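Please look over the model below before reading on.

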Amino acid sequence: MDVDMTRSGENNVLKLDGSWTIERANELKRMLLEALNSGESIVIDLEGLTDLDLSTMQLFCSAHRASLRECKRVALHERKSRSLKQMVRDAGFARTLGCHKDPNKSCLWIGDWKS
């Protein structure tokens, strides 16, 4: 299965497996909107991810910014594969500080992205 969303009360876990690149951007956008609109928080589990690109990371950022406007929460699951960490570093998304639109310092890309 490439995508699975489970609900637990007001919280959603969106589990993505396989390759999520520009070809699947519309599908991912739809899933992120559905998860955001149907709960108070989203946890994105990327443990089974094999590939992602800038469009995927930008959609995650967009969902995070939307969650801030709606007083909701979007976070990446704490389990991160070595390949995911490498992809995030290669794309230049790994950060020590979030963007100026993130007063809560909850940026998805802050953290330990070293292998």
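In this predicted model, the side chain of K72 reaches the backbone oxygen of G39 at 3.1 Å. K72 lies in the loop between helix 2 (54–69) and strand 4. With a relative accessible area of 18%, K72 counts as buried, because the cut-off for that class is under 20%. Leaving aside its neighbours within four places in sequence, K72 is in contact with L36, N37, G39, E40 and S67.

Strand 2 (residues 11–20) and strand 3 (residues 41–52) pair in the parallel sense over nine bridges. The bridge partner of G18 in strand 3 is L49.

Next come the aromatic rings. The whole structure holds three aromatic pairs. One of them is the tilted pair of F60 and W109, 6.5 Å centre to centre with 35° between the planes. This pair links distant parts of the chain: F60 is in helix 2 and W109 in the segment after helix 3 (82–91), 49 residues apart. W109 also forms a tilted pair with W113, at 5.9 Å and 40°. W109 is buried, with a relative accessible area of 2%, and W113 is buried at 3%. Ring pairs link F60, F93, W109 and W113 into a cluster.

Charged groups also sit over rings. The charged end of R95 is over the ring of F93, 5.9 Å from its centre. The charged end of R24 is over the ring of W20, 3.7 Å from its centre.

Notes
Residues are numbered from 1 along each chain as its sequence is written. This is a predicted model: local features need pLDDT of at least 70, side-chain atom pairs count only at pLDDT 80 or more; totals for chains, interfaces and linings use all residues. Side-chain values use heavy atoms; hydrogens and water are left out. Two strands pair if DSSP finds at least two bridges between them. Helices (H or I, at least four residues) and strands (E, at least two) are DSSP runs, numbered from the N terminus. Buried means under 20% relative accessible area, exposed over 50%, partly exposed in between (1.4 Å probe, protein chains only). A polar contact is a pair of N or O atoms within 3.5 Å; within protein, one must be able to donate a hydrogen and the other to accept it, and residues adjacent in sequence count only if both atoms are side-chain atoms. Contact means heavy atoms within 4.5 Å. Rings of Phe, Tyr and Trp (its six-membered ring) pair if their centres lie within 6.5 Å; planes under 30 degrees apart count as stacked, over 60 as edge-to-face and the rest as tilted. A charge sits over a ring if NZ of Lys or CZ of Arg is within 6 Å of the ring centre and within 35 degrees of the ring normal.
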